[in-house]
Amino acid sequence: MTPKEIKRVVLITREEGARNSGRRMINRLEVIKSLQQRYGERLLVLRTGFDDVGRAVEFYRNVSTIIAVHGGALYNMLFAPPDTKIVEIQPHWGKGRSGFNIFWVQAKLLGFKYWRIHENSTGIGVNFAVNVTKLLGVLDDVDRVD
């Protein structure tokens, strides 16, 4: 298998470059380390999405799994292959409030398998920590799906 044929696992962290602040993983280094141990060289970390369609198409064509904090970069799933698996990490702001379902709908319309992880946040747009044990448990299920 040539490097271009290796199916990538992408983590989108919402670091600098995101169009609005907030919803950043405050324990992103711990998350990245855990995912590197799990996926090795297959893991690619993005801080945000692509503004250039051509670059997005080229990048996402060999993706198997996208793990991303809820945000506009997830729209780039449009350029991923039909068997892509999506894991959305979505802040939950209490009292039944969480982000919108747009990425679940988009994933389903594209025929993708979709998982959502809710993480507690103290308010809308507030940064949060990812429960790494919970994330790895979800990824156990994700990795079993062909």
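**Figure 1. The largest nonpolar core of this predicted model has 21 residues.** The residues with the most contacts inside this core are Leu11, Val31, Leu35, Ile67, Val87, Leu135 and Leu139. A nonpolar core is a set of buried Ala, Val, Leu, Ile, Met, Phe, Trp, Tyr and Cys residues joined through side-chain atoms within 4.5 Å. Buried means under 20% relative accessible area, exposed means over 50%, and partly exposed lies in between (1.4 Å probe, protein chains only). Two or more residues of the core come from each of strand E1 (8-12), helix H1 (28-39), strand E3 (63-69), strand E4 (85-92), strand E5 (113-120) and helix H4 (132-144). Helices (H or I, at least four residues) and strands (E, at least two) are DSSP runs, numbered from the N terminus. H4 gives the most to this core, namely 5 residues. Another core, of 19 residues, lies apart from it and includes Val10, Leu46, Leu74 and Phe103. In soluble globular proteins, nonpolar side chains tend to be buried together.

The model is predicted, and local features need pLDDT of at least 70, side-chain atom pairs count only at pLDDT 80 or more, and totals for chains, interfaces and linings use all residues. Residues are numbered from 1 along each chain as its sequence is written, and side-chain values use heavy atoms, with hydrogens and water left out.

**Figure 2. Val87 is one of the residues with the most contacts inside the largest core.** Contact means heavy atoms within 4.5 Å. Not counting residues up to four places away in sequence, Val87 touches Ile66, Ile67, Ala68, Trp115, Ile117, Leu135, Val138, Leu139 and Val142.

**Figure 3. The whole protein chain has 4 helices and 5 strands.** Along the sequence these follow the pattern β-α-β-α-β-β-α-β-α. The protein chain has 146 residues, of which 46% count as buried. Among its contacts between residues at least 6 apart in sequence, 65% join residues at least 24 apart. The accessible surface comes to about 8,000 Å², and 53% of this belongs to carbon and sulfur atoms. Accessible areas come from the Shrake-Rupley method with a 1.4 Å probe; for residues, only the protein chains shown count as cover.

**Figure 4. Val63 lies in strand E3.** Val63 counts as buried because its relative accessibility is 0%. Ile6 is 57 residues from Val63 in sequence, but the two C-alpha atoms are 8.3 Å apart in space. With neighbours within four places in sequence left aside, Val63 is in contact with Lys7, Arg8, Val10, Pro81 and Thr84.

**Figure 5. Helix H2 (residues 53-60) has the buried residues Ala56, Phe59 and Tyr60.** Seen down the axis of H2, these buried residues fall within an arc of 80°, so they line one face of the helix. The arc is that of the directions from the helix axis to the C-beta atoms. The cover over the buried residues of H2 includes E1, strand E2 (43-46) and E3.

**Figure 6. Phe59 and Tyr60 form an aromatic pair.** Rings of Phe, Tyr and Trp (its six-membered ring) pair if their centres lie within 6.5 Å; planes under 30 degrees apart count as stacked, over 60 as edge-to-face and the rest as tilted. By this rule the count comes to 2 aromatic pairs. The ring centres of Phe59 and Tyr60 are 5.0 Å apart and their planes are at 80°, so this pair is edge-to-face. The charged end of Arg8 sits over the ring of Phe59, 5.2 Å from the ring centre. A charge sits over a ring if NZ of Lys or CZ of Arg is within 6 Å of the ring centre and within 35 degrees of the ring normal.

**Figure 7. Asn76 is found in the loop between E3 and E4.** With a relative accessible area of 7%, Asn76 is buried. Leaving aside neighbours within four places in sequence, the contacts of Asn76 are Gly49, Phe50, Ala56 and Tyr60.

**Figure 8. Phe103, Gln106 and Ala107 are buried in helix H3 (residues 102-109).** Down the axis of H3, its buried residues fall within an arc of 100°, so they line one face of the helix. They pack against E4 and E5. Just after H3, Gly111 takes a positive phi of about 80°.

**Figure 9. Lys113 is found in strand E5.** Lys113 has a relative accessible area of 45% and is partly exposed. Lys113 and Ile86 are 27 residues apart along the chain, and 6.2 Å separates their C-alpha atoms. Beyond neighbours within four places in sequence, Lys113 is in contact with Thr84, Lys85, Ile86 and Val145.
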